[in-house]
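Please open the model in your viewer and keep the selection tool at hand. The stops below go from one part to the next, saying each time what to select and what is there.

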Amino acid sequence: MSETHATHEAHEEHIVSPKVYALIFLALLVGTAITVGASYIDMGPWNPVIALAIAVTKATLVVLYFMHVKYSSKLMKLTVLSGVFTFLILVGMSLSDYISRAWGQW
Amino acid sequence: MDHISPVLWQFLVKWMTTFAIIPPEASTIAPRMDALLVFMTLVSIIGLTIVALLVTTFSVLYRKDRNPQATQIEGSTLLEATWTIIPLGLFLIMFVWGSVLYFRIFTPPANAMNIYVVGKQWMWKAEHPGGQHEINSLHVPTGQPVQLTLISQDVFHSFSIPAFRVKREAIPGRYTTVWFEATKTGTYHLFCTQYCGTAHSAMIGEVVVQTPEDYKAWLASSTSGISLAQNGERLFSSLSCGACHNGQPDARGPNLANVYGSRLTLTTGQPVLVDEAYLRQAILNPSAHITQGFAPIMPTYQGQISEEGLISLVEYIKGLNSNYRIQQTTNTSDLLPEGPDKPGKASAAQGVTK
Amino acid sequence: MSTNVLLPDQTTARVPKQNYITKENGLMSWLLTGDHKRIAILYLISLTFFFFIGGALAALIRLELLTPQSDLMASDTYNKVFTMHGIVMIFFFLVPSVPATLGNFLIPIMVGARDLAFPKINLLSWYLYMAGGLLALYAMITGGVDTGWTFTTPLSTHYVNTNVVTTGLAAFIAGFSSIFTGLNFIVTIHRMRAPGMTWFKLPLFCWANYAAAVLMVLGTPVVAIAIVLVALERTIGIGVFDPTKGGDPLLFQHLFWFYSHPAVYIMILPGMGVVSEVISTFARKRVFGYSAVAFSSVAIAVFGFFVWAHHMFIMGISNYAALVFSLLTMLVAVPSAIKIFNWTFTLYKGSITFETPMLYAFGFMGLFTIGGLTGVFLGVSGTDIHLTETYFIVAHFHFVMVGGMLMAFLSGIHFWWPKMTGRMYPEKLSQLAAVVTFIGFNFTFFPQFLLGMLGMPRRYASYPPEFQVLNVFSTAGASILGVGYLLPVLYLIWSLKYGQVAGDNPWQATGLEWQIQSPPLTENFTEIPVVTQDVYDYEWLERQKEHEVTHVG
Amino acid sequence: MDSHATAHSEAHEHPAHLRHHFMDAAQQKESATFGMWLFLLTEIMFFGGLFTAYLVYRNWYYPAFVAGSHTLDIKLGMFNTLLLITSSFTMAMGVWCSETRRKSGLVWSLIATIILGIGFLGIKTIEYKEKFELHHVPGTSFSAASFVNPPLDAQGKPKDTPLAPDMAIHTEVYFSLYFAMTGMHAVHMILGIGILFALLYKSAKGQYTTGHNTTIELFGLYWHFVDIVWIFLFPLLYLISRH
């Protein structure tokens, strides 16, 4: 019975308040500003890392709050993660070829 | 397999080639490949037999007439673990064995004689260091490792010699290499195995394996009068490469003598090994291949030199071992063709580049 | 030989008047239907159509290869024929075959739901499939395409003059059809299970289709974007794969095989699901090691994403990458081995009968074992050098796809035919067809292993004369195989009217689909069942029957 | 992990929007959201192919990517980012309005989203037009001349470091990817705006604010996803080595 109860809770309409939306919106604006600002500072190889880190943070905020994943069932969270995982396989395994091509005469 | 019992192995190979199950074994790689293939085939046949026997036995023993009531069984972790681990183990053995073979086939030995092969729709053009060209055929001597440096002018092609058990794709825009050492004289099939358009099935030819003496005779008889390096030298001169790469201390371009096989550091700080592929890239895309200490002033030669021309230039630079030669090239704009390079000399020149 | 079949008394039995077929009449009631069973029938009819087009093209290929010269067709025509054979068979037959017909029909019933989660999207997927298929046929009629089904760049982008973009678009559209099918399955299996139907009570057919659906959803879009980029390169000349502009043609191969390798698992996994059901039913026994078989499906799906570059071992990927992809390929071979042995041991202490679906399933096990083991030859990087791009690879994937998948498909069609139509197929004739198919198949494709060993390259319109003997064998076998495939079409159509009335559960199988009437009602269940029994619970079935008998008595 | 199936349908009247094969509205909504997420996964993988290509070539032809990136207007790009983020916010507010049954709020949110979306596409058009004029569109009209000899600024100094010709031609790869990525993104925007108009029409008629707002929520997911793609595209395409 506890199972049923748990699922019912997941179905409870969780209405995210406009306040949260506004906060996230602000965070996204700040994030954009930081990205642009950071791109003007020379940090060597860290520039793209910082830019991507900020982008990932912004995307995570959008996914969690605007897209309500924070308030969704475990299944949704796993679904999102599996998508990201497969994306990383595609990018990572492809790049493994390109990176290792530079190692030797092959 | 061939290490365990050479006699048995010879018998087996003879039998398999006679009944046309495998192509003739004509390279040093071939017996190694066949040993692995025989091992894998045996494992496969045993595996298949086990499955087939079990299915047949169970079908007979437990058919409904004999066994009207089934006994329900959940499964058995022990059994399942057995048929997870045993196949995995066998597959891993095959993987290790196969990978060793793979690295062997795609890692040419240092003393290999280099033949360039250019693939285009729909023919193979082989260029021997001595300047001998052949279309849709390849002459090689026995007992000498031969490295093929392949490139395609248009689409993917694949250079396949079943009798040698080697195959490598010719890719547009990049050198690939493969090597073999022929062991048996004769004429063997040469196929393009990567689908390359309309006349794909006409892109076939023959590999002629000759004794070193016959090969030498063939080289002498089919010379074009100018070796690849000589042709490269002419190009070097006509493209005025020597204006910068003149080997002088104040030269605007790096010294090319003995550059082949050395390790350079680029302006990006990246260390590189100078091989054929690097030389080709450095001529076509110089700005990404600037040696440390030099200005990025070299123009690109993309579209100005054919693949054959590039091969000649690369071959010329590979053979450079003194500045004197370059200065000679620079000074004499009009070169007298010399006598054809002897194959022995060509392969010796490759050895010198270290 | 005794049989497992239990048919109702033919003198009194009738196919129920109320069912999903008789619910509504008229063409529009089919073309606008939301009923998963009707969509499955639509798919079955159109798939059969495309299968025979692909089959006709295969016949042309085999005829051309009867002689060493390219005399029946010019090599140009031959190239178009094998390209279309590949495209039609892969995108319009194999990928949708089991999921779109049997999966569509059965998954909602097996999980105890009234329909798939999104009936309209299900219908849309059929329309996309038809649009893609007809577009491909249109491209074939108006000049064809000769790139091979792999659309290899730069051949496809710069060096051929045929309908690459149209065919690419067809494959793109068909891709979305398969994405929608997969999406529907995943949601249905996650969200629509009947009360009491836990994951481990799901039939293995559902697990297998679930795994295939994951591959469809995550893999297909990558080939879609690869095809879009090829089309853009052909039409406006962007330079992502063009070596003259600095692009890397190998990148296309990476993107293409990222989908197209998992695609072979999309094709084979549902077939494995069918075999699990059939073997269990005709051995009257639980599948040996249910969870191992279930998880091996998932393992194949997950590992399937890690191995794609084994298609490129000699194409200039780095040797280190070849090492890694080869190792991972060995790992993906293991779950298939597990499945084979688990099916074999399902027979142990069973009570086996040999109806047609079982014969096809045995055929599947034999041919798939050969196909799988020869796959290891190609996954080992060393032997791949000699065998790749030859007839060995052709034989290998035909053993898996035709020997494996098509056998499973026919097994499933025969197995669920009584459920879909309410009538039995003629048993003796169909057993004959199964045997003919098996013999014809081996005659056709086994010689190709030898051809490959000897080095005969694939996609050759003409070949050196010494290969002719084996090619003649292969062509002769293909004609037997053709008969084997034609027979079921004839007698299955015949059985629609003249077959024996099947009753609800002719095989005495345990799945939820066998506990409802055949053909089912549009809403499948009059009342959503509450699942208490275990999966493949034959003892429960016996008790049910006794219960009924005492009730009636 | 997932025990939804045990959620039993009790005897309750079926609302009009509940399709016959679902047990209850909650199951229908969960299924729809889950289905939408799976669709978004396919979108991730769709763009994944492009991102892979981008990463490969960015490593190969970094100077060309820097030069190509410098021709993009960072102000326009940033403004577009702001537009899109704001439109995401208005869309989120639209979802909130439909959840809390505020009809006029929903209508106005959708209108704002449409305007912002069209604004984004408008600016994109301006940017594309400039690329056409500069011959930076890949294809037959492409010219890498402006990278070999960058245009001069007011002081007569080149605006950007000149590229060697062999590297300059690789800017075509950068622009190929730029157009493929932003083009695919724009196609998604155009589709989204089309759907937005339909949603606007229906919500003006009072739909989606009666308790059944799944459609709006699903569209919100889509719109936010398109926003996320841009969040990555902006730094990757516009902000390469700006210092």
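Begin by selecting chain B, which is divided into domain 1 (6–59 + 78–105), domain 2 (113–221) and domain 3 (228–338), with bounds that come from an automatic or database domain assignment. This is a predicted model, in which local features need pLDDT of at least 70 and side-chain atom pairs count only at pLDDT 80 or more, while totals for chains, interfaces and linings use all residues. Residues are numbered from 1 along each chain as its sequence is written, and chains are lettered from A and ligands numbered from 1 in the order in which they are written.

Now keep domain 2 and domain 3 of chain B in view: their C-alpha centres lie 26 Å apart, and 10 residues of domain 2 are in contact with 10 residues of domain 3 (two residues are in contact if their C-beta atoms, placed from the backbone, lie within 7 Å). On the side of domain 2 of chain B that touches domain 3 of chain B, β1 (113–120) and β5 (145–152) each supply at least two residues; strands here are DSSP runs of E, at least two residues long, and helices are runs of H or I of at least four, numbered from the N terminus.
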